[in-house]
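Take a look at the sequence and the structure below. This briefing covers cavities, ring pairs and charges over rings.

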Amino acid sequence: MNRMTVLPTEQASHWEARLALKLARTLRGSVLKGCEHKGPLYVQKPFYPEGRDLAHLYLLHPPGGMVSGDTLTISADVDEQASALITTPGAGRVYKARADKSLQHQILRFDLADDASLEWLPLEGIIYPGAQTQLDTQVHLTGNARYIGWEITSLGLPACHQPFSPGSLMKQNLQIFRDGKLCLRERLVVDGDQQENGMLQSLAGLRGYPITAMMVAGPFDAPSFNAGINDDETALENLICRLRDCCEQHKSLDEDFLAGVTLNHGFVMVRYLGYCSEKARKLFIECWKQVRPELLNRDACEPRIWAT
């Protein structure tokens, strides 16, 4: 036997955290009926600043971010006629990966039953230089379910003049299904090593802007949309005009960003490219205030955590 033995290499750590939420409509309103978690991923007890019909939930992740090998899986199952708003008390972070470039993976899955509603309104996600991450979101709508959600992503640390290089956003994927059929898909792939011709710098990509954000709301062809108004198409056109006005008003305060509003398969989409995640969030909040009464028949009520 050879006296020279080879010790096995130390395996990189992999930490999985999961949170599964179950919301139901009862005689007491929309309640958090189930909450199962593994690892440091929790929610506080629901808040009801708008009354018992809608639960506000604050997602808590004490580590504050993902390192190499981490997988965060968050799911929400919203029963018929139940309503929830989920947000976060702080920005999410994806830190620099180890030398082995183990994937940092976030998985979101939302299932909404008929006539349910969900608002997914987290603070921004910051992807550090050198990160190796994948962000997957799936939304499954049944019947007359409605959804409002946004993603605000900082590629690198622009406030500290640290670009997203090296680093890789292997995939940022959003899929929305209605009654089992895929009706909306968005996919972004960014390689921070490709400085000149890659997605970060190209005119067909992010044009050098480190903050990319998108807000989605709909569907606006559901029967509940403006049920009291005969001309739904006119109401939707007016809403889109107001959203475009919001973009123009913010642009008058800061010309160094791009924003636009489109309609895709019944979903209104607001996009932002710029240098400041806070400005993106302020724009989206103003757009949310316009969209929410039309889609959910609710006036805007900002979560109290946003004011802290």
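Are tryptophan 288 and tryptophan 306 buried or exposed? Both tryptophan 288 and tryptophan 306 are buried. Buried means under 20% relative accessible area, exposed over 50%, and partly exposed in between, with a 1.4 Å probe and protein chains only.

This is a predicted model: local features need pLDDT of at least 70, side-chain atom pairs count only at pLDDT 80 or more, and totals for chains, interfaces and linings use all residues. Residues are numbered from 1 along each chain as its sequence is written, and side-chain values use heavy atoms, with hydrogens and water left out.

**Aromatic pairs**

- The whole structure has 9 aromatic pairs. Rings of Phe, Tyr and Trp (its six-membered ring) pair if their centres lie within 6.5 Å; planes under 30 degrees apart count as stacked, over 60 as edge-to-face and the rest as tilted.
- Tryptophan 288 and tryptophan 306 have ring centres 5.8 Å apart and planes at 70°, so this pair is edge-to-face.
- Tryptophan 288 sits in helix α2 (residues 277-296) and tryptophan 306 in the segment after α2, so the pair ties together parts 18 residues apart in sequence. Helices (H or I, at least four residues) and strands (E, at least two) are DSSP runs, numbered from the N terminus.
- One aromatic cluster is formed by Trp150, Phe284, Trp288 and Trp306.

**Cavities**

- There are 2 cavities of 30 Å³ or more. A cavity is a set of points on a 1 Å grid over the protein atoms alone, where a 1.4 Å probe fits but cannot get out; lining residues have an atom within 4 Å of a point.
- The largest cavity holds about 60 Å³ of space. Grid points are joined across faces, edges and corners, and a volume is the space filled by probe spheres set on the points.
- Residues lining the largest cavity include Trp120, Tyr147, Trp150 and Met214. β12 gives the largest share of this lining, 4 residues.
- The lining of the largest cavity has 6 nonpolar, 2 polar and 1 charged residues. Ala, Val, Leu, Ile, Met, Phe, Trp, Tyr, Cys and Pro count as nonpolar, Asp, Glu, Lys and Arg as charged, and the others, Gly among them, as polar.
- The second largest cavity has a volume of about 40 Å³. Among its lining residues are Trp15, His61 and Asp70.

**Charges over rings**

- Arginine 52 has its charged end over the ring of tyrosine 48, 3.8 Å from the ring centre. The cut-offs are NZ of Lys or CZ of Arg within 6 Å of the ring centre and within 35 degrees of the ring normal.
- Lysine 251 places its charged end over the ring of phenylalanine 257, 5.0 Å from the ring centre.

Conventions
1 Å grid on protein atoms, 1.4 Å probe; cavity = no way out; pocket = protein on both sides within 12 Å on 5 of 7 lines; lining within 4 Å.
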